[in-house]
Amino acid sequence: MYILYNILVGLFELFLPIIAIFKPRLKLFVEGRKEVFDKLKAEIGQNDRVIWFHAASLGEFEQAVPVIEMIKAEMPDRKILVTFFSSSGYENKKKHPLADVITYLPMDSAKKVQKFLNIVSPELVFFVKYEIWPNYLKELRKRKIRTFLISSAFRENQVFFQNYGGWMRKSLQSFEHIFVQNKASEALLKKHNFDNVTISGDTRFDRVSRQIEYNNKLAFVEDFLQDKLCIVAGSTWPEDEDLLLNYINSAAEKVKFIIAPHEIKEEKILELQKKLKKTSVRYTEDHQDLSAFDILIIDTIGLLGKIYSYADVAYVGGAAGNSGLHNILEPATFGVPIVIGSNFSKFPEAIKLQQLAGLFSVETPREASSVFQKLINDEVFRRKTGMISGHFINSNTGATAAIRNYLFDN
């Protein structure tokens, strides 16, 4: 299977530029990797002591942030390298001030792995959540470079735990230590003879818990709301918007809506506005009196984390379709009741918060309207539900401390 994997990686590299011609989304994925080695050589010197973090995309980067901050505090003379697999992750974070060098991850072929590690020669390596790259891990182990998997979560149906998955389980053996999110992951690994496991939790809890300590004031949001109740719909896809439209278009005047679509393309925004029966305004439009509108559409990035602080109720997108549930922890940290779609079986934090009654899953527009009406009209219920969300965050912090204790106190 390992030989077949390498053949497939080679074929993928060979045909990807051709595929990218017909799929524009892959163009950045291909073009961005052409200059990786030149960038690494230019920005990493032979005497630099490098700590390498690898994240698949944006969500995994958010999990890495608290650990990067901890490493910078404990080892301030080290150079921080962050690599991304996806173009969405790299393009959004390529100038993030927390890292000294940010690049795409070269493909997982033996030659590129060796070339990458010859340049970087990392002192410590942290892979985030699901990032298991066999050739990288094989070479890191061969070079005896300390490598860790953080905020990971495992399920019985993953390839590592199948009869044919022995070669991937061998990749897991390259990690000095695996920090998992929950007991189920620990039990699954120990069942397969992995003893180098610690239940640390999810570092995203540490990340979002700090947001409440920052200055989250946004004057334009206050101008828009004018003390009315606010429902924030964050990271929505068209499937999510279809769930919400009936309620939005029929809601009482005491409620205003802030919608932050996941895709902020012009045609998508215009399509959404055509479906809205109430007055809407875009963040990038020049309007002096925002209070005159019922719906504010956020057509830019980087504001949603602060906007959630104004929510009385939050809808988090992604679970109405198959694109994947977005971050429910961002609104939860502000003690906000959360509503999502019905496709969230792979998101343990959502499952747990639903069990605690701090989150509601809806499948139809009627269900969505019913839940929103209950939350908006029953203030006691809304506040109680929000308190559950806030407590959920506070009771699950500490993952970064567990990683720190292993690294520096053992």
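Q: Which residues is phenylalanine 127 in contact with, leaving aside its neighbours within four places in sequence?
A: This is a predicted model, where local features need pLDDT of at least 70, side-chain atom pairs count only at pLDDT 80 or more, and totals for chains, interfaces and linings use all residues. Residues are numbered from 1 along each chain as its sequence is written, and side-chain values use heavy atoms, with hydrogens and water left out. Contact means heavy atoms within 4.5 Å. With those neighbours set aside, phenylalanine 127 is in contact with Trp52, His54, Trp133, Tyr136, Leu137, Leu140, Phe148, Leu149, Ile150 and Phe175.

Q: Does phenylalanine 127 count as buried or exposed?
A: Phenylalanine 127 lies in strand E4 (residues 124-128); helices (H or I, at least four residues) and strands (E, at least two) are DSSP runs, numbered from the N terminus. Buried means under 20% relative accessible area, exposed over 50% and partly exposed in between, using a 1.4 Å probe and protein chains only. At 1% relative accessibility, phenylalanine 127 counts as buried.

Q: Which residues join phenylalanine 127 in the largest nonpolar core as those with the most contacts inside it?
A: A nonpolar core is a set of buried Ala, Val, Leu, Ile, Met, Phe, Trp, Tyr and Cys residues joined through side-chain atoms within 4.5 Å. The largest one has 66 residues, and helix H4 (residues 58-74) gives the most to it, with seven residues. Apart from it lies another core of 40 residues, among them Val232, Ile328, Ile338 and Phe392.

Q: Which residues are in a ring-pair cluster with Trp52?
A: Rings of Phe, Tyr and Trp (its six-membered ring) pair if their centres lie within 6.5 Å; planes under 30 degrees apart count as stacked, over 60 as edge-to-face and the rest as tilted. Leaving aside neighbours within four places in sequence, tryptophan 52 has contacts that include Phe116, Phe127 and Tyr136. Ring pairs link Trp52 into a cluster with Phe116, Phe127, Tyr136 and Phe175.

Q: What kind of pair do phenylalanine 61 and phenylalanine 84 make?
A: The structure holds 22 aromatic pairs. In this one the ring centres of phenylalanine 61 and phenylalanine 84 are 5.6 Å apart and the planes are at 45°, so the pair is tilted. Phenylalanine 61 lies in helix H4 and phenylalanine 84 in strand E2 (residues 79-84), so the pair ties together parts that are 23 residues apart in sequence. With relative accessibility of 1% for phenylalanine 61 and 0% for phenylalanine 84, both are buried, and the pair they make is tilted.

Q: How many residues apart in sequence are the parts tied together by phenylalanine 179 and tyrosine 406?
A: The rings of phenylalanine 179 and tyrosine 406 have centres 5.7 Å apart and planes at 80°, so this pair is edge-to-face. Both phenylalanine 179 and tyrosine 406 are buried. Phenylalanine 179 lies in strand E6 (residues 177-180) and tyrosine 406 in helix H19 (residues 399-408), so the parts tied together are apart in sequence by 227 residues.

Q: Which residues of helix H17 are buried?
A: Helix H17 (residues 365-377) has 13 residues and reaches 18 Å from first C-alpha to last, close to the 18 Å expected at 1.5 Å a residue; the expected span is 1.5 Å times one less than the number of residues. The buried residues are Ala368, Ser369, Val371, Phe372, Leu375 and Ile376.

Q: What value is phi of serine 121 near?
A: Serine 121 sits in the loop between helix H6 (110-120) and E4, and is partly exposed, with a relative accessible area of 49%. Most residues other than glycine have a negative phi. For serine 121, phi is positive, near 45°.

Q: Where is asparagine 193 placed?
A: At 68% relative accessibility, asparagine 193 counts as exposed. Its phi is positive, near 70°. Asparagine 193 is placed in the loop between helix H9 (183-191) and strand E7 (197-199).
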